[in-house]
Amino acid sequence: MAFPRDRVMNTLTRYLQLCDVPVPDGAEGELGDLFTDDAVWEGVGPKYGDKFGRTVGREAIVEMISAYLPPNSHFRENVHLLFPGNIDLGDSTARGSWLMQQLSRYESGAAEVMVARLDVTFRFDARRALIRRFRTEQLFSAPLVG
């Protein structure tokens, strides 16, 4: 069994891989497998608060995220890069904070680079860390040319 920090990183890495377009080889599973039943996913701050709002419950979160992923035509290409962060461990929970860079090319042909702060709370079960609360705040974005 993986150490608690490894379980946190495995879950977050898998989440970001499943949000990449196209999904990289070896990224297996379903988004819903990564969240608790009562999970909360929310955009915070001036740029993401209104854009994403607050979504509650595993099924609603998967539906919201899936609207941006194939077969829907939002992204042509999309990749997430995760920078080292901090993880605080409890007995059955963990909370981490990371900076994440996202490079996207949209179906329209426009491209963008974006940086967000992720604040994620996890609940451990017998095998893994499940996302209990996912908060994302956009800190920077700029169009990519070329």
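User: In this predicted model, what does buried mean?

Analyst: Buried means a relative accessible area under 20%, exposed means over 50%, and partly exposed is in between.

User: Why is D119 called buried?

Analyst: D119 has a relative accessibility of 17%. The cut-off for buried is under 20%, so D119 counts as buried.

User: Where is D119, and which residues does D119 touch beyond four places away in sequence?

Analyst: D119 is in strand β6, residues 111-124. Leaving out residues up to four places away in sequence, D119 touches R95, G96, R133, F134 and R135.

User: What makes the pair of D119 and R95 a polar contact?

Analyst: The two side chains make the contact at 2.5 Å. A polar contact needs a pair of N or O atoms within 3.5 Å, and the pair of D119 and R95 is listed as one at 2.5 Å.

User: Why is the pair of R14 and D33 called a salt bridge?

Analyst: The closest N and O atoms of R14 and D33 are 3.6 Å apart. The cut-off is 4 Å, between a side-chain nitrogen of Lys or Arg and a carboxyl oxygen of Asp or Glu, so the pair of R14 and D33 counts as a salt bridge. The pair links distant parts of the chain, with R14 in helix α1 and D33 in the loop between α1 and β1, 19 residues apart.

User: Are R14 and D33 buried or partly exposed, and how do you know?

Analyst: R14 has 22% relative accessibility and counts as partly exposed. D33, at 35%, also counts as partly exposed. Both values fall between the cut-offs of 20% and 50%.

User: What makes R123 and D38 a link between parts of the chain?

Analyst: Their side chains meet in a salt bridge, 3.6 Å from N to O. R123 lies in strand β6 and D38 in strand β1, so the pair ties together parts 85 residues apart in sequence. R123 is partly exposed at 34%, and D38 is partly exposed at 35%.

User: How do you know that E77 and R105 form a salt bridge?

Analyst: The closest N and O atoms of E77 and R105 are 3.1 Å apart, and the cut-off is 4 Å. The pair links strand β3, which holds E77, to strand β5, which holds R105, across 28 residues. E77 is partly exposed at 40%, and R105 counts as partly exposed at 27%.

User: How many salt bridges does the structure hold, and which residues are linked in a network?

Analyst: The structure holds 10 salt bridges. E42, R54, R133 and R135 are linked in a network of them.

Technical notes: Residues numbered from 1 in each chain as written. Predicted model: local features only at pLDDT ≥ 70, side-chain atom pairs only at ≥ 80, totals over all residues. Heavy atoms only, no water. Helix = DSSP H or I, 4+ residues; strand = E, 2+ residues; numbered from the N terminus. Buried < 20%, exposed > 50% of the residue type's maximum accessible area, 1.4 Å probe, protein only. Contact = heavy atoms within 4.5 Å. Polar contact = N/O pair within 3.5 Å; in protein donor to acceptor, adjacent residues only side chain to side chain.
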